[in-house]
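Subject: Structure handover

Hello,

Here is the structure I said I would pass on. My notes on it follow below.

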Amino acid sequence: MQAVSVNISLLKSLLSLATVIEAKDPYTGGHTWRVSRYARLLAESLGLSEDEVFIVHFGSLLHDIGKVSVPEPILNKQDKLTSVEYEIIKKHPETGLPLVREHPLGALALDIVASHHERFDGGGYPKGLAGNDIRLFARIVAIVDAFDAMTSARPYRAGMQAQTAYQLMAQESGRQFDPVLLSAFLDLGKRGELDQILGHSSEERLMQGCPECGPIIVIPVHWQSGDKVICPKCLSNYNVHPDGDKFEVEWDQTVNFTWIPEPDTDTISEVAQYAPKELGLQSDFLEFSVFDRKSYDASKVLSLRSRVNSL
Ligand SMILES: [Fe+2]
């Protein structure tokens with residue numbers, strides 16, 4: 001067992017990078033936050049240890065860090081992607097690897113960054129890994145990432161209802177998704193435990209579209225009356241008014257052309273708050289690479305445990 005101390009400053013700086021990258025893609029507003037919260041819930045329901053749940057929570061915030069390599073016109077395209085554009089997007093798991101591989105904490109997220117688009121039946125990318133050859137943490141994120149993609153609006157389509165997504169995902173049991181993990185996720189959905197995240201862009205904040213141009217305006221948890229928010233696409237400044245558990249946004253007639261994305265400090269603080277001082281890891285965890293996997297079989301152990309817990 002190898003102890004890895006969790007340096008909070010290092011953790012925050014890496015998550016700052018990840019959340020700023022998300023802001024490049026205004027239509028996904030809150031995607032990373034939702035994926036990390038769904039992943040945490042699923043990891044907890046599987047009976048994973050506190051350290052493992054933390055790694056899933058932290059790593060899922062970094063899962064799309066490789067999208068820094070995707071040109072914004074492709075990320076923000078209003079129409080369906082061409083096959084060439086899709087191929088460019090599909091490179092993001094691999095381009096994310098060098099961004100996290102050498103970082104002492106980023107290495108914890110290696111599996112998730114590299115393998116969250118693998119399919120259980122081997123038909124995913126980038127490696128076409130199948131079954132338990134895809135590490136457990138990545139199999140968890142594959143499920144919650146797909147669920148959020150289905151239930152969130154994109155420039156070219158509206159998000160679907162959660163019940164429809166559950167039905168479609170159930171058809172992919174053993175195909176796109178690990179059947180045991182999927183069944184635990186669908187149970188969470190049935191029990192309504194995902195509702196606190198679904199349709200939200202941050203804790204307690206329902207998703208709010210820009211009235212002018214459509215993408216999500218994330219309203220921070222710490223937002224207070226009088227604060228302004230900005231549309232990441234059209235750069236309009238909005239005054240926000242509470243309206244029950246929702247908000248109304250009203251354009252203040254100004255546009256901020258000098259705006260640059262800021263880190264999502266609420267989400268970063270949330271992860272930091274759960275961070276253990278020290279993680280106990282299998283001795284080869286940090287040396288492990290999905291591109292050179294030989295010996296590490298913790299995924300099998302963890303997968304077995306989840307199967308036992310689900311009985
Ligand atoms: Fe991704």
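Predicted model: local features only at pLDDT ≥ 70, side-chain atom pairs only at ≥ 80, totals over all residues.

The crossing of α8 and α9 is right-handed. On the α8 side the contact uses Ala146, Phe147, Met150 and Thr151, and on the α9 side Ala162, Ala165, Leu168 and Met169. Sorted by class, these are 7 nonpolar residues, 1 polar residue and no charged ones.

α8 also packs against α3. The axes of helix α3 (residues 50–61) and helix α8 (residues 136–151) come within 10 Å and cross at roughly 55 degrees. The crossing of α3 and α8 is right-handed. Here Ile55, Val56, Gly59 and Ser60 of α3 meet Phe137, Ile140 and Val141 of α8. The contact of α3 with α8 has 5 nonpolar and 2 polar residues, and no charged residues.

For the protein overall, there are 12 helices and 7 strands. It has 311 residues, of which 39% are buried. Among contacts with a separation of 6 or more, 62% are between residues 24 or more positions apart.

Two further helices were checked for length and burial. Helix α2 (residues 31–45) has 15 residues, which at 1.5 Å a residue should span 21 Å; its end C-alpha atoms are 21 Å apart, in agreement. α2 is mostly covered, with 12 of its 15 residues buried. The buried residues of α2 include Trp33, Tyr38, Leu41 and Leu42, and also Arg34, Arg37 and Arg40. Just after α2 comes glycine 47, with a positive phi of about 80 degrees.

Helix α10 (residues 179–190) passes the length check as well: its 12 residues should span 16 Å at 1.5 Å a residue, and the end C-alpha atoms are 16 Å apart. Its buried residues are Leu181, Leu182, Ala184, Phe185 and Leu186. α10 is followed by glycine 192, which has a positive phi near 75 degrees.

Two single residues are worth a look on screen. Leucine 99 sits in helix α6 (residues 92–101). Is leucine 99 buried or exposed? Leucine 99 is buried, because 20 other C-beta atoms lie within 10 Å and the cut-off is 20 or more. Not counting residues up to four places away in sequence, leucine 99 touches Ile65, Gly66 and Gly106. Between leucine 99 and leucine 110, 11 residues apart along the chain, the C-alpha separation is 9.6 Å.

Valine 240 belongs to strand β5 (residues 236–243). Valine 240 is buried, with 20 other C-beta atoms within 10 Å. Setting aside neighbours within four places in sequence, valine 240 is in contact with Ile219, Trp223, Asp227, Val229, Phe247 and Val249. One of these contacts, valine 229, is 11 residues from valine 240 in sequence and 7.2 Å from valine 240 in space, C-alpha to C-alpha.

Regards

Technical notes. Residues numbered from 1 in each chain as written. Helix = DSSP H or I, 4+ residues; strand = E, 2+ residues; numbered from the N terminus. Expected span 1.5 Å × (residues − 1). Axes fitted to C-alpha atoms, helices over the stretch in contact; angles between N-to-C directions. Left-handed = near helix turned anticlockwise from the far one by under 90°. Contact = placed C-beta atoms within 7 Å. Nonpolar A, V, L, I, M, F, W, Y, C, P; charged D, E, K, R; others polar.
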